[in-house]
Amino acid sequence: MSDSFLLTNTTAATMRGEGYGLIEDAAIAVKDGRIAWTGPAADLPGQYAALPTRDLGGRLTTPGLIDCHTHLVFGGNRAREFEMRLEGASYEQIARAGGGIVSTVTATRAASEDELLQTALCRADTLIAGGVTTVEIKSGYGLDRDTELRMLRVARRIADLRPIRVKTTFLGAHATPKGTDPDAYIDDTCIPALKAAHAEGLVDAVDGFCEGIAFTPAQIARVFDVARDLGLPVKLHAEQLSSLGGTRLAAHYDALSADHVEYATEEDAAALAASGSVAVLLPGAFYTLHETQKPPVAAFRQHGVPMALATDWNPGSSPLGSLLLAMNMGCTLFGLTPAEALAGTTKNAARALGLTDCGAIAPGNRADLAVWDVSDPAELSYTIGITPLHQRLFGGRA
Ligand code: NIG
Ligand code: FE
């Protein structure tokens with residue numbers, strides 16, 4: 001297929017405006033990998049009529065899905081911890097006993113760049129097969145300069161080797177290496193590593209883990225100050241296991257997003273609304289950790305906080321490789337509507353990454369599209385473990 005063509009005989013969930021922004025019997029004109037026009041086929045401007053046509057057989061077209069929070073690059077796996085949790089140990093107990101994030105750090109440090117790349121490519125392929133066209137990938141399993149940079153280089157290489165867009169996030173403030181003082185780690189390792197990664201052009205955003213088992217708001221603020229000096233946007237793992245004020249800290253720094261947010265309050269929702277930050281909900285971690293505190297979805301709605309959904313794919317709290325399943329969980333576990341779930345993996349996910357050229361079927365946007373063998377967009381959230389992807393277009397290319 002060339003980069004310029006006309007898609008016809010499709011229902012388009014454009015994700016523009018309210019709800020799905022549905023257009024029945026739509027046409028989508030693609031020129032040079034970008035969307036040139038979309039609307040009812042009956043209104044197609046004459047200038048697009050001569051483009052080669054592709055009949056989609058009445059299928060549903062959505063924007064390509066965007067997984068806006070993943071830890072896709074890592075060494076090893078944590079199946080043993082899964083067993084320990086089933087025997088009664090909590091995520092925090094395992095972390096405090098030297099397991100958890102720190103055990104993935106050991107495996108990631110031991111892996112070569114090529115080993116990390118090969119395993120991450122398999123995971124990227126899984127997301128691609130699920131209709132994902134943009135993925136965010138964090139560092140944070142190195143906790144030393146060389147490994148943090150290696151993770152980010154691997155993340156960048158994925159975009160060279162596969163038809164997927166990658167946004168990288170520096171997450172040096174994820175955990176403290178064993179036997180190190182957290183303050184010393186932030187000042188002597190994390191911040192210098194951030195500056196080095198930025199100097200290599202490896203960083204699109206800066207993240208942290210604000211939690212009792214990780215870093216305090218004051219420690220995260222030191223990292224965010226450096227991010228601001230470097231001109232990098234921030235996001236934060238906030239209020240995942242307890243309420244520490246991370247969400248308000250993120251809002252104070254005009255964060256792109258506050259993520260997890262199960263323990264966020266109404267006041268936190270108001271702060272996110274004021275800063276225009278997205279609440280990224282991660283039902284895979286909620287599910288895996290047997291969490292019972294749900295994110296304050298009603299408060300987010302009431303304050304107009306955009307909600308995104310992501311896999312949080314990581315070896316510990318969310319070994320989840322399906323964004324469609326995250327959508328299903330967002331509906332069943334958190335009470336999102338299927339329209340909110342799809343907005344959460346398209347337009348609001350784009351916003352959580354600071355992207356303005358994807359996440360909606362709109363003129364000028366990249367032709368990142370997913371064509372589904374379904375007739376109703378709610379089916380994407382409704383089915384469990386089924387991937388009805390018919391075709392995926394990345395910049396107009398199959
Ligand atoms: O998003 N919350 C902190 N970070 C990850 C978990 C990482 C891990 O357990 O390896 C998360 O859930
Ligand atoms: Fe995460």
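On a 1 Å grid laid over the protein atoms alone, a cavity is a set of points where a 1.4 Å probe fits but cannot get out, and a pocket is an open set with protein on both sides within 12 Å along at least five of seven lines; lining residues have an atom within 4 Å of a point. The model I am presenting is predicted, and local features need pLDDT of at least 70, side-chain atom pairs count only at pLDDT 80 or more, while totals for chains, interfaces and linings use all residues. Residues are numbered from 1 along each chain as its sequence is written, chains are lettered from A and ligands numbered from 1 in the order in which they are written, and side-chain values use heavy atoms, with hydrogens and water left out.

A volume here is the space filled by probe spheres set on the points, and grid points are joined across faces, edges and corners. The largest cavity has a volume of about 80 Å³. Its lining consists of His 71, Tyr 91, Ile 101, Tyr 141, His 174, Phe 209, His 237, Gln 240, His 260, Asp 312, Asn 314 and Ser 317. Four of these residues are nonpolar, seven polar and one charged; in this scheme Ala, Val, Leu, Ile, Met, Phe, Trp, Tyr, Cys and Pro count as nonpolar, Asp, Glu, Lys and Arg as charged, and the others, Gly among them, as polar.

The second largest cavity holds about 50 Å³ of space. Among the residues that line this cavity are Pro 63, Ile 66, Thr 133, Cys 358, Arg 366 and Asp 368. Its lining divides into four nonpolar, four polar and two charged residues.

I turn now to the metal site. Which residues coordinate the iron ion (ligand 2)? They are His 69 (NE2), His 71 (NE2), His 237 (NE2) and Asp 312 (OD), at 2.1 to 2.3 Å. Donors are N, O and S atoms within 2.8 Å of the metal (3.2 Å for Na, K and Ca), and water is not among the atoms, so sites may look incomplete. Along the chain, the donors of the iron ion follow the spacing H-x1-H-x165-H-x74-D. Distant parts of the chain are linked here: His 69 lies in the loop between strand E6 (65-67) and helix H1 (79-86), and His 237 in strand E10 (residues 235-238), 168 residues apart. Helices (H or I, at least four residues) and strands (E, at least two) are DSSP runs, numbered from the N terminus.

His 69 and His 237 are both buried, where buried means under 20% relative accessible area, exposed over 50%, and partly exposed in between (1.4 Å probe, protein chains only). Asp 312 is placed in the loop between strand E13 (307-309) and helix H12 (323-334). Is Asp 312 buried or exposed? With a relative accessible area of 1%, Asp 312 is buried. Its phi is near 60°, a positive value in a residue other than glycine. Most residues other than glycine have a negative phi.

Asp 32 also has a positive phi, near 50°. This residue sits in the loop between strand E2 (22-31) and E3. Asp 32 counts as exposed because its relative accessible area is 64%.

Next, the pockets. The largest pocket contains about 330 Å³ of space. Of its 19 lining residues, Ala 95, Val 102, Ala 175, Thr 176 and Ile 213 lie nearest the centre. Helix H2 (91-96) and helix H3 (101-110) each supply at least two residues of that lining, and H2 gives the most, with three. The lining comprises ten nonpolar, seven polar and two charged residues.

The second largest pocket contains about 210 Å³. It is lined by 14 residues, and Val 305, Pro 306, Met 307, Lys 347 and Asn 348 lie nearest its centre. Helix H14 (347-352) is one of the helices that each supply at least two lining residues, and the largest share, four residues, comes from H14.

Finally, the sheet. Four strands form an open sheet in the order E6-E7-E8-E9, with parallel pairing; two strands pair if DSSP finds at least two bridges between them. E6 and strand E9 (205-208) stand at the edges with a single partner strand each, so one side of each is left without a neighbour in the sheet. Strand E7 (residues 132-138) and strand E8 (residues 165-173) pair in the parallel sense over five bridges, and Lys 138 stands opposite Thr 169 in E8.
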